[in-house]
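Biologist: Please walk me through this structure, beginning with the charged contacts.

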Amino acid sequence: MNINLFQTRVWKHIRTTVGLGVAASLVASLTGCSSLTQPIDGVPAHRLPPEFFPAPKNNLVPVDIALLSLEPPRDYQLGPDDILGVYIEGVLPFNPPNTPPEPPPVNFPEQDSTLPPSIGYPIAVQDDGTLSLPLIEPLEVEGLTLDQVREKIREAYIDNDILREEKARPIVTLIKERTYDVIVVREDGLGEGNQRSLQAQSSEFIRGRDRSASGGLVKLPAYKNDILHALVETGGLPGLNAKNEVRVLRASEADKRKRAQFVRDFYASQRNAMLDPCVCPPELPPDPSILRIPLRLPPGVIPNITPEDVELQDGDIVYIENRETEVFYTGGLLPGGEFPLPRDYDLDVLGAMAIAGGGIGQSGRGGMGGLGGASSVGGVPPGMLYVLRQTPCNGQVAIEVDLARSINDPRSRPLVQPGDTLILQYKCEEELLNFSLGTFFTYGIQELLRGN
């Protein structure tokens with residue numbers, strides 16, 4: 001075949017195919033382009049004010065966990081429910097005259113106790129902080145050390161002419177320290193040894209699944225009745241499935257009444273606000289009666305945590321909340337789904353696309369893009385991402401992210417926050433170009449090979 005004739009046929013088919021593609025694209029631009037038929041009114045990311053973006057958390061540093069524990073005193077100070085070992089020769093136990101004294105009993109501590117073996121007969125400190133002994137009035141011992149109690153017992157028996165000074169040599173030891181019953185409720189799964197990564201759990205991160213909490217009643221010894229020991233007893237610090245905070249609900253009746261009154265006041269104000277259709281109903285603020293202790297803070301921020309905050313009493317509840325609602329959604333040309341957000345580092349829109357299975361430069365879902373379902377393999381990838389973000393009063397803002405620009409401009413790469421919906425679309429010109437290329441490679445080359 002003459003080379004000039006072949007070139008003429010090639011250019012003829014190219015002009016014909018391109019002309020058909022342009023004509024079809026012109027018609028499709030009026031009827032079938034998704035950016036026209038399904039428009040999203042977005043605001044470019046670099047034009048939005050800072051209040052529309054979440055605060056970064058890459059620079060957050062862990063709180064010193066020593067702040068979550070109590071500093072024990074140098075010497076153990078007694079209190080109600082402590083059990084002492086007391087031995088007073090001739091009195092406890094009673095010893096008749098002219099008979100050899102009985103040796104004091106030896107008490108071995110419980111299996112998990114850190115106390116050494118003790119000597120003496122067990123006597124508990126009463127709820128009013130007194131110690132009842134034979135032949136004398138109850139002694140006030142609350143807040144005293146063992147040495148101080150020993151001296152106080154000795155003086156009491158000497159002052160009451162029960163024992164001579166040279167015979168008054170009482171023995172006082174600690175058999176069992178008082179404990180505090182604390183309830184720990186955990187939703188992070190650490191109590192069950194479940195420490196799978198968030199990425200492995202993404203398929204399970206659908207609200208409505210089983211969120212059974214672990215934990216239970218924990219007995220904490222005196223001076224170890226703090227938040228850190230409660231967490232250690234139930235699996236350690238909160239895992240990645242939990243929020244970066246610890247909540248403490250006090251068991252006192254006053255705190256319970258405060259929480260109940262707070263809920264009543266909130267719903268009353270919400271009902272009043274709903275009477276006016278132009279007023280935005282208030283959101284539920286943090287309950288001031290619930291202590292919230294953050295576990296990560298910005299650099300240089302010193303947490304205001306006092307010993308009274310971390311000290312736990314009988315009936316207090318330590319609550320580790322699951323962060324199930326910290327998810328984002330995907331749609332459009334991205335594979336649809338619900339994905340958890342990282343807890344301790346930032347995730348921008350490009351990283352979110354990668355987690356969802358659609359990176360920069362890849363064609364749309366299933367390799368199909370453009371009008372009419374023409375294959376976009378080798379074509380132009382989608383270049384527009386919309387982030388639908390909720391605003392107060394049930395509002396919404398659509399953040400427009402030009403993917404080509406976001407690669408070079410960090411301001412055009414917003415961070416993803418909980419509840420965001422990411423929708424990937426072709427720009428209209430990208431869709432038209434992909435259709436034209438698909439039409440040429442599908443029909444133009446086919447006609448060329450036929451030799452028409």
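**Salt bridges, a sheet and a helix**

Biologist: Is D409 buried or exposed?

Modeller: D409 is buried, with a relative accessible area of 13%. Buried means under 20% relative accessible area, exposed means over 50%, and partly exposed lies in between, with a 1.4 Å probe and protein chains only. Please note that this is a predicted model, in which local features need pLDDT of at least 70 and side-chain atom pairs count only at pLDDT 80 or more, while totals for chains, interfaces and linings use all residues. Residues are numbered from 1 along each chain as its sequence is written, and side-chain values use heavy atoms, leaving out hydrogens and water.

Biologist: Which residue meets D409 in a salt bridge?

Modeller: R405 does, at 3.6 Å from N to O. The term requires a side-chain nitrogen of Lys or Arg within 4 Å of a carboxyl oxygen of Asp or Glu. R405 is partly exposed, at 38% relative accessible area.

Biologist: How many salt bridges does the structure hold?

Modeller: The structure holds 22. One of them joins E110 and K176, with the closest N and O atoms 3.5 Å apart. E110 sits in the loop between β4 (106–107) and β5 (118–119) and K176 in strand β9 (residues 171–176), so this pair ties together parts that are 66 residues apart in sequence. Here strands (E, at least two residues) and helices (H or I, at least four) are DSSP runs, numbered from the N terminus. E110 is exposed at 54%, and K176 is partly exposed at 35%.

Biologist: Which residues are linked in a network of salt bridges?

Modeller: K243, E245, R247, R292 and E321 are.

Biologist: On to the sheet. What is the strand order?

Modeller: Five strands form an open sheet of mixed pairing, in the order β11-β10-β15-β12-β13. β11 (214–221) and β13 (291–294) each have a single partner strand, so one side of each is left without a neighbour in the sheet. On average, neighbouring strands are turned by 25° against each other, direction ignored; the axes are lines fitted to C-alpha atoms, with angles between N-to-C directions running from 0 to 180 degrees.

Biologist: How does β15 pair with β10 and with β12?

Modeller: β15 pairs with β10 (residues 179–186) in the parallel sense over four bridges, whereas three bridges join it to β12 (residues 245–249) in an antiparallel arrangement. Two strands count as paired if DSSP finds at least two bridges between them. I317 is the bridge partner of I183, and Y319 stands opposite R247.

Biologist: Which residue caps the N-terminal end of α7?

Modeller: D348 caps that end, with a side-chain oxygen 3.2 Å from the backbone nitrogen of L350. D348 also forms a salt bridge with R413 (3.4 Å, N to O). D348 lies in the loop between β17 and α7 and R413 in the loop between α8 and β20, so the pair ties together parts that are 65 residues apart in sequence.

Key
A polar contact is a pair of N or O atoms within 3.5 Å; within protein, one must be able to donate a hydrogen and the other to accept it, and residues adjacent in sequence count only if both atoms are side-chain atoms.
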